[in-house]
2 protein chains.
Amino acid sequence: MAMKLASVLLLMQLSGHFSSGTCGKVLVWPTEYSHWMNMKTILDELVQRGHEVTVLTHSASILIDRKQATSIKFEVFPTSLTKSDFEDVIIQLIDKWIYDLPKDTFWSYFSQVQEIMWRFSEIMMKFCKGAVLNKKLMTRLQESKFDVVLADAIAPCGELLAEILKTPLVYSLCLSPGNQYEKHGGGLLFPPSYVPVLMSELSDQMTFMERVKNMIYVLYFDFWFQTLNMKEWDQFYSEVLGKTTTLYETMKKADMWLIRNYWDFDFPRPFLPNFDFVGGLHCKPANPLPKEMEDFVQSSGENGVVVFSLGSMLSNMTEERANVIASALAQIPQKVLWRYDGKKPDILGPNTRLYKWLPQNDLLGHPKTKAFITHGGANGVYEAIYHGVPMVGIPLFADQPDNVAHMKAKGAAVRVDFNTMSSTDLLSALRTVINDPMYKENAMKLSRIHHDQPVKPLDRAVFWIEFVMRHKGAKHLRVAAHDLPWFQYHSLDVLGFLLACVATAIFVIMKCSMCFWWMIATAGKKAKRE
Amino acid sequence: MAMKLASVLLLMQLSGHFSSGTCGKVLVWPTEYSHWMNMKTILDELVQRGHEVTVLTHSASILIDRKQATSIKFEVFPTSLTKSDFEDVIIQLIDKWIYDLPKDTFWSYFSQVQEIMWRFSEIMMKFCKGAVLNKKLMTRLQESKFDVVLADAIAPCGELLAEILKTPLVYSLCLSPGNQYEKHGGGLLFPPSYVPVLMSELSDQMTFMERVKNMIYVLYFDFWFQTLNMKEWDQFYSEVLGKTTTLYETMKKADMWLIRNYWDFDFPRPFLPNFDFVGGLHCKPANPLPKEMEDFVQSSGENGVVVFSLGSMLSNMTEERANVIASALAQIPQKVLWRYDGKKPDILGPNTRLYKWLPQNDLLGHPKTKAFITHGGANGVYEAIYHGVPMVGIPLFADQPDNVAHMKAKGAAVRVDFNTMSSTDLLSALRTVINDPMYKENAMKLSRIHHDQPVKPLDRAVFWIEFVMRHKGAKHLRVAAHDLPWFQYHSLDVLGFLLACVATAIFVIMKCSMCFWWMIATAGKKAKRE
């Protein structure tokens, strides 16, 4: 009885908390593909809770479909790129990353990655200028009096918009190359001894040589690699805001960072009060499958099925690669549902069906699913964690190798290399994750951790956006570190001063001692003479 | 409609989360006075949720009243101290801190504080030995198969019990001197440039000289000041566990740290995933006052009342101090409720009533309350934050000066000094917090922040204790840093290795260059000779 009463009281308290959100106006600066899919989950929830959501986007936008999402408003500004130009550039850059990147040396690899990043950055700046320098648009936005800007931190501009519109800012971010944005824009600490740098593919348990590698990555990312052509961004921000500033300085003003990660996926590390980890916010229980698909899944019997998707960004898979994969799939007793849009492989097994699109979440939540072959995109990995499905990771680009490395370190995945794997490699990996119960056990453990949080990720994300609207910011969560120049932040001025004091004290003591001894010596000589 | 449905769904999700807690067995290692009062709030909630709570305490325990709390089990072990001996020692040490500490120099002050701490530490070790070396007791505890040890980190022993009983460990902690436990036992980072060390009485906005002071405090606490007689504790832990270990090493195994603070009270700073900030968990809405008290409060009319308590630890207030206070109180138009147990001051004003005990929370939550005169104990300050009441702080000892400094920095309090204040000082402070609307405004702002959290502090505390019981720990929240020796944690081995590599490379290049030049020079000479 007491328990029941406590539960009711608890529910009342919690409902009181959430219903206190005033309905506000949210301006969104989104990015494309998986980033948009994740962001849209938050926007749909905000709309459902009565907020007015306006997405600010350019006319070349690919995935941001203004027709589909009728409850969300769209403010579209023109850009000189066409949708197909934009798509071509993206595919070209991603293809380069997947197929053409030299993996022989560290320098050649990262110089090419940097080149790709800079191309992205150029396009992002074009879009940013398209918005910010469009006077009519900016006047309209200013008149709209938004309560908060919600921006994906991976594409700069959101912080500039928030600054111009004098509006609080909430970031949504998956990860940034080398963790540069969270570090320099958000003030997070990444101790190199146990926090692996993003793109290093390391875990939090490192050998000595791995720690050396991680330190080299830290130094490289901090002092050499630039995700963006920083000078141009800094100059643009300074021009627009009419004061000398930088992109990172402007990012520091964010009220809240909603990181699309959690300690089921990432390794525990230090963070700050204005960071919340809302990874897997898009995950939800499985819906029933379409009849044909359900029949196929059920036909697998005891063996179950394998779900296979390399995401929407992979095009131009060679016939050779497709056959290597098909050959491996043909040799397992499970049925396979493969999301594949290319020419049908010659040696496709009777157990494998190709689909142009898969209801991935519903399939991963199906009790017959034994394994997930994935490129390691964060959204897909989170769906696998949510449903407790072990993985075979075939990472392609960006954060995918790290995501797979994380799942591997947590014992829920085996990794194979897309360009070099043989049928035997893939087959062996598949058999391992399906037949070794440890993988399922670890995936279930991650799932249990994921489901057992005080508040669900999506509710927390929405809570903080509403909080920032209610309180016109969240200044009480913002560390004073953001107001300090780097030498003060690292206490270099204080240490310099204390060392100078110690040195002066030593100098004075030595001088006094020397004077004292000199006086004694002089007195001694005088005495001898007398 | 959509909003309503969303709310219902949300409530269902949240209720699902909380009710999933299996009922378990909790062993508690508590401390006395305000620490116990706070801990008891958690224990009552655990009992109400169906858990079996056993408090392990010694026969000299003061506040831990075994008769009052009938739903909580008590395991009492004998100790050579009597209750009155123990109480005398505590009062004697606190009195020394309040009245006799030399405040003229840093060294003399802290050497005395250290002496007081060591005396406490000796007593705590006596109690710890009384429990751990009591074989019958330990066998009984082992047989009870507890699911978690909940310990106040301020008094060591909880971590040793958890280690012996092979049980997960959750800490509750307000603050430790110089933040030493959270730093060395919990792995928290305290960047000296913007995180004021506890006992420095600084804020997060420091001038250059304040940052110098903070750095000196950091160095002093890290390398000189010892809260505990560490060697003895380390030796005792090593003996009991049969391996060379230390107190801090044992503390590092804690699954969760529930810190009785939040960003309404403290300044934002870095923390780790296994830390949650549950400050104010004991706060609750005000109950009606007893009739006589309510009548007195209502008789204040528009002017309202002032609530005054210096806590339960202050004894032996001199008549002179009592008269200074009474004289100031007599001069304000408000009615005053003063918790005071000494001889009635000669010049007590007609507006002031003395009480041996006050329903502090109910009074602070009364709409007539205009200000709170407090010694700055964390529990009382949190009650003032909860109800949005501005404060006059008269700190006495321990963390109280820092608590008051925090409230002062946040614009919700004025500080006066207990030993040196005149009636005019107290009167001026009181008039300021009552008549300057900024203080009420800031107190209300803190109150709004406090009430607007995704989950209430007490519910979060209980959630994590239940989580640790459900999952037999919370290893996924524990940073890998805890497994690294200090030189690896600070990457000194890696930096040394990289410097050695660079030095070797420079040496080899220089040697080769010298060889090369020598060969050229030799060739030149030969050519000349020929």
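Author: Gladly! A disulfide here is a pair of cysteine sulfur atoms within 2.5 Å. Please keep in mind that this is a predicted model.

Reader: By that rule, how many disulfides are there over all chains?

Author: In chain A, Cys128(A) and Cys157(A) have their sulfur atoms 2.1 Å apart and form a disulfide. In chain B, Cys128(B) is joined to Cys157(B), also with 2.1 Å from S to S. Over all chains, the count comes to two disulfides.

Reader: What is the handedness of the link between Cys128(A) and Cys157(A), and how far apart are the two in the chain?

Author: The angle about the S-S bond is 80°, and the link of Cys128(A) and Cys157(A) is right-handed. Cys128(A) sits in helix H4 (residues 106–132) of chain A, while Cys157(A) belongs to the loop between strand E4 (148–152) and helix H6 (158–165) of chain A. The pair thus links distant parts of the chain, and the separation is 29 residues.

Reader: Is Cys128(B) buried or exposed?

Author: Buried means under 20% relative accessible area. Cys128(B) has a relative accessibility of 0%, so Cys128(B) counts as buried.

Reader: And where does Cys515(A) fall, buried, partly exposed or exposed?

Author: Cys515(A) is in no disulfide, and the nearest cysteine sulfur, that of Cys512(A), is 6.4 Å away. Because its relative accessibility is 44%, Cys515(A) counts as partly exposed.

Reader: Let's turn to the sheet. What is the strand order in the open sheet of chain A?

Author: This open sheet has six strands, with parallel pairing. Its edge strands, each pairing on one side only, are strand E10 (352–355) and strand E13 (413–415) of chain A. Neighbouring strands are turned by 20° against each other on average, direction ignored. The order is E10-E9-E8-E11-E12-E13.

Reader: Which helix lies across E12 and E13 of chain A, and at what angle to E13(A) does it run?

Author: The helix is H15 (residues 400–409) of chain A, which lies across both strands. Relative to E13(A), helix H15 runs at about 130°.

Conventions
Residues are numbered from 1 along each chain as its sequence is written. Chains are lettered from A and ligands numbered from 1 in the order in which they are written. This is a predicted model: local features need pLDDT of at least 70, side-chain atom pairs count only at pLDDT 80 or more; totals for chains, interfaces and linings use all residues. Side-chain values use heavy atoms; hydrogens and water are left out. Two strands pair if DSSP finds at least two bridges between them. Helices (H or I, at least four residues) and strands (E, at least two) are DSSP runs, numbered from the N terminus. Axes are lines fitted to C-alpha atoms, for helices over the stretch in contact, and angles run from 0 to 180 degrees between N-to-C directions. Contact means heavy atoms within 4.5 Å. Buried means under 20% relative accessible area, exposed over 50%, partly exposed in between (1.4 Å probe, protein chains only).
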